[in-house]
Protein chains: 2
Amino acid sequence: MPVNYATPAPESLYPVAGVRLGVAEAGIRKLDRRDLTLLALDPGCHVAGVFTQNRFCAAPVQLCRRHLELGSEIRALVINTGVANAGTGDSGVQAAWQTCSGVGKLLGIDERQVLPFSTGVILEPLPVERLVAGLPRCVDDLKADHWHAAAHAIMTTDTLAKAASRRVQINGKTVTITGISKGAGMIKPNMATMLGFMATDAGIATLLLQQLVREAADESFNCITVDGDTSTNDSFILIASGQSGAEFADAAAPGYAALREAVIAVAVELAQAIIRDGEGATKFMTIAVEGGKNRDECRKVGYAIGHSPLVKTAFFASDPNLGRILAAIGYAGISDLDVDAVRVWLSSAADEILVAEKGGRAAAYREEDGSRVMKQSEITVRVDLGRGAAKASIYTCDFSYDYVKINADYRS
Amino acid sequence: MPVNYATPAPESLYPVAGVRLGVAEAGIRKLDRRDLTLLALDPGCHVAGVFTQNRFCAAPVQLCRRHLELGSEIRALVINTGVANAGTGDSGVQAAWQTCSGVGKLLGIDERQVLPFSTGVILEPLPVERLVAGLPRCVDDLKADHWHAAAHAIMTTDTLAKAASRRVQINGKTVTITGISKGAGMIKPNMATMLGFMATDAGIATLLLQQLVREAADESFNCITVDGDTSTNDSFILIASGQSGAEFADAAAPGYAALREAVIAVAVELAQAIIRDGEGATKFMTIAVEGGKNRDECRKVGYAIGHSPLVKTAFFASDPNLGRILAAIGYAGISDLDVDAVRVWLSSAADEILVAEKGGRAAAYREEDGSRVMKQSEITVRVDLGRGAAKASIYTCDFSYDYVKINADYRS
């Protein structure tokens, strides 16, 4: 049961000029399921991506990195679910290459102009013949307004499709940004993986786009955690088609700040949707850390709280368990933290309660106030470290019986 | 239900000459419960300790550090359960000081010769009057063979008392090492804390003892994890009375290696008992990492596996979920790890199964073999990183419904 999230209606996902999407049933692991998605890009698109830091990175991730480094003009993305093609060695790389080659032949482009993505069970061979056989049906299905269908086709254990879209006016042009994502955190490494695909019709110079995709990931997909695990296949791609006529050569270009903000907002929406659909989640938690010396230490504190099974089970129980939060702040790794300067608030849409200061419980804090906040489904833990001006937010969910049930029962 | 652990019988806990223990009911938080323990040390004992790295460290920990740094001869340890005296500010330090002062008056020693320890709920004031009022009964109870009673009196949420003892012959002398511990990981920061107290009648020079307590912690209490959280009050103390006549001035002293090994063995037994009694634990897991460039990277990999809720839920389900283990190795933070060189075995007392090599599933591996191992209650995940000679072991338990139940229900 996702926490305060519903898939946007098809008509609210604006097409992005220059990008068409098609889906098909290829029978990769299960029958009667759309499991293959193709994005075809017009000439002139720029593409940049960020990928998993996991040393066991999947074969398609290896090919994506190689094709982007080559600097060839990317003209297509192909995504399959069912099998992740991870932990599959040389034959896995060969299968990913055959996938690209199959797309290339159909679209009349070089296989190095194709980026492949896979998500599903790991350590199993990719049935590449079935995949390639399904590609013509994807090509037949290509349409600019198929974002909604694509959001469904890239799902694995997701309980609902995740998408976001917005239009903004920049420099007198209407700029569209639309994206889809999948994943339930990295709850299930065998059927998991976090994928995000975004496109805009803004024109963004290649180096600037590479910077923007990293910044957007840093504010969104890199700020979410369900259980601290990261997958072998995580990928986030940003496409800029340029067909709106709004062009941005560098970060100082007029209107770029507004574009950047809108791109990040869509990325955050896509990333948060993953947490809202986290396995067993009943609450959406924002850990907002401010007053740090730098962003890195704010993130450390955010992750210490957001990863703590003790904090997460307390949130599941609607228990304002201050001790667990303070303990997590204390072991986050800031060796010179002055605990007397730390302040902590629990807040919901209606309330903000100062719960801790001066190394312990706030004098005016009453547990019934904390309990009232904790009963909400959207809760912010705000932490002021009292030692600087940096800040960072982490998004996570609570830890329920269902989390253990889902992950213990899976495969068994 | 602890995993393969039973409290040793009273007669198997050998007294340590120079150390007497007494317990009493002080009514600190609950009635009819022995909650106060005193260790009285003869003159001539050396004492060293290691303490929590949590920045929110409790008042007694602050006093312990101060008294040890002063270099005064420690003559007593006092331990209360019920209230942790953490997050209690200046008045908490004052309460810890009054505790030491109370012990000092009774034993005719300076309060700086006393080390105080508290475990229980945090953010609550220590009822120091009741504590001090209970001290005379502890003094009346002082006996060298009261280790078993002390093991019980320091328990909080532990389901059973934890103790270990052994006698070894070194340099023609009989040396005794006895210890007690408490904690259920850091499952419950409000009622948690890991405490370990060990004593030997060997004579160990102060600097050597400080080194030994760090080394012993590093091989034992620092190698266990239930949920990755660390408490505000964690402490581990080693006392050397010298009354056996076996004396060790430095690490090169004859017989010291044997003494060191025995001390570490007792510490490991005490630390593992905490994991075996971990909240909701049904399995005891050893993550044995070898072939690293250094011990630190082996520990990183061990903790990545041992902290992963995905791995821990899979173990609960007896599921040999290779993908989760490989993914954890991959994100452990060794940026130049060659995954093709990594090998992984699952083993029980009866079996050792090579499950992964060359970046994926081992060619000869059959899942039924992995499943057979996973059904045991003692399981080792052995990882060879294939890049050096360093190694390290981490001890942990699985993650069950009961873990969530216990931690979500607690306080609610």
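Helix axes are lines fitted to C-alpha atoms over the stretch in contact, and angles run from 0 to 180 degrees between N-to-C directions. On that basis, in this predicted model, the axes of helix α8 (residues 309-316) and helix α9 (residues 322-330) of chain B cross at roughly 155 degrees. They come within 9 Å. Angles over 145 degrees count as roughly antiparallel, and α8(B) and α9(B) are therefore roughly antiparallel to each other. Their crossing is left-handed. From α8(B), the contact is made by B:Leu310, B:Val311 and B:Ala314. From α9(B), the partners are B:Arg324, B:Ile325 and B:Ala328.

Helix α5 (residues 206-219) and helix α6 (residues 256-276) of chain B have axes that come within 9 Å. The crossing angle is roughly 45 degrees. α5(B) and α6(B) are therefore oblique to each other. The crossing in which α5(B) passes α6(B) is right-handed. On the α5(B) side, the contact involves B:Leu212, B:Glu215, B:Ala216 and B:Glu219. On the α6(B) side, B:Arg260, B:Val263, B:Ile264, B:Ala267 and B:Val268 take part.

B:Met374 is found in helix α10 (residues 367-374) of chain B. B:Met374 counts as buried because 22 C-beta neighbours lie inside 10 Å, and the cut-off is 20 or more. Residues up to four places away in sequence aside, B:Met374 touches B:Phe315, B:Ser318, B:Asp319, B:Pro320, B:Leu346 and B:Ile379. The C-alpha atoms of B:Met374 and B:Ser347 are separated by 8.3 Å. Along the chain, these two residues are 27 residues apart.

B:Leu123 has a positive phi, near 70 degrees, although this residue is not a glycine. B:Leu123 sits in the loop between β5 (114-121) and α3 (128-141) of chain B. With 21 C-beta neighbours inside 10 Å, B:Leu123 counts as buried.

In chain A, a positive phi occurs at A:Lys358, with a value of about 50 degrees. A:Lys358 is not a glycine either. Its place is the loop between β15 (352-357) and β16 (360-361) of chain A. A:Lys358 counts as partly exposed, because 15 C-beta neighbours lie inside 10 Å.

The domain assignment of chain A gives domain 1 (10-276) and domain 2 (284-409). The centres of these domains, taken over C-alpha atoms, are separated by 33 Å. A:Thr282 lies in the loop between α6 (256-276) and β13 of chain A. A:Thr282 is partly exposed, because 18 other C-beta atoms lie within 10 Å. A:Thr282 and A:Pro2 are 280 residues apart along the chain. Neighbours within four places in sequence aside, A:Thr282 is in contact with A:Val3, A:Phe316, A:Asp398 and A:Ser400.

Helix α1 (residues 59-70) of chain A has 12 residues. At 1.5 Å a residue, α1(A) should span 16 Å. The end C-alpha atoms are 17 Å apart, which agrees. The buried residues of α1(A) are A:Ala59, A:Pro60, A:Val61, A:Leu63, A:Cys64 and A:His67. These buried residues pack against β3 (46-51), α2 (89-107), β5 (114-121) and β11 (235-240) of chain A. A:Gly71 follows α1(A), and its phi is positive, near 80 degrees.

Helix α7 (residues 295-307) of chain A has 13 residues. α7(A) is mostly covered, with 10 of its 13 residues buried. Among them are A:Glu297, A:Cys298, A:Arg299, A:Val301 and A:Gly302. A:Tyr303, A:Ala304, A:Ile305, A:Gly306 and A:His307 are buried as well. The cover over the buried residues of α7(A) includes the helices α8 (309-316) and α9 (322-330) of chain A. It also includes the strands β10 (224-225), β13 (284-292), β17 (378-384) and β18 (390-397) of chain A.

Technical notes:
Residues numbered from 1 in each chain as written. Chains lettered and ligands numbered in written order. Predicted model: local features only at pLDDT ≥ 70, side-chain atom pairs only at ≥ 80, totals over all residues. Helix = DSSP H or I, 4+ residues; strand = E, 2+ residues; numbered from the N terminus. Buried ≥ 20, exposed ≤ 12 C-beta atoms within 10 Å, placed from the backbone. Domains from an automatic or database assignment. Expected span 1.5 Å × (residues − 1). Contact = placed C-beta atoms within 7 Å. Parallel < 35°, antiparallel > 145°, perpendicular 65-115°, else oblique. Left-handed = near helix turned anticlockwise from the far one by under 90°.
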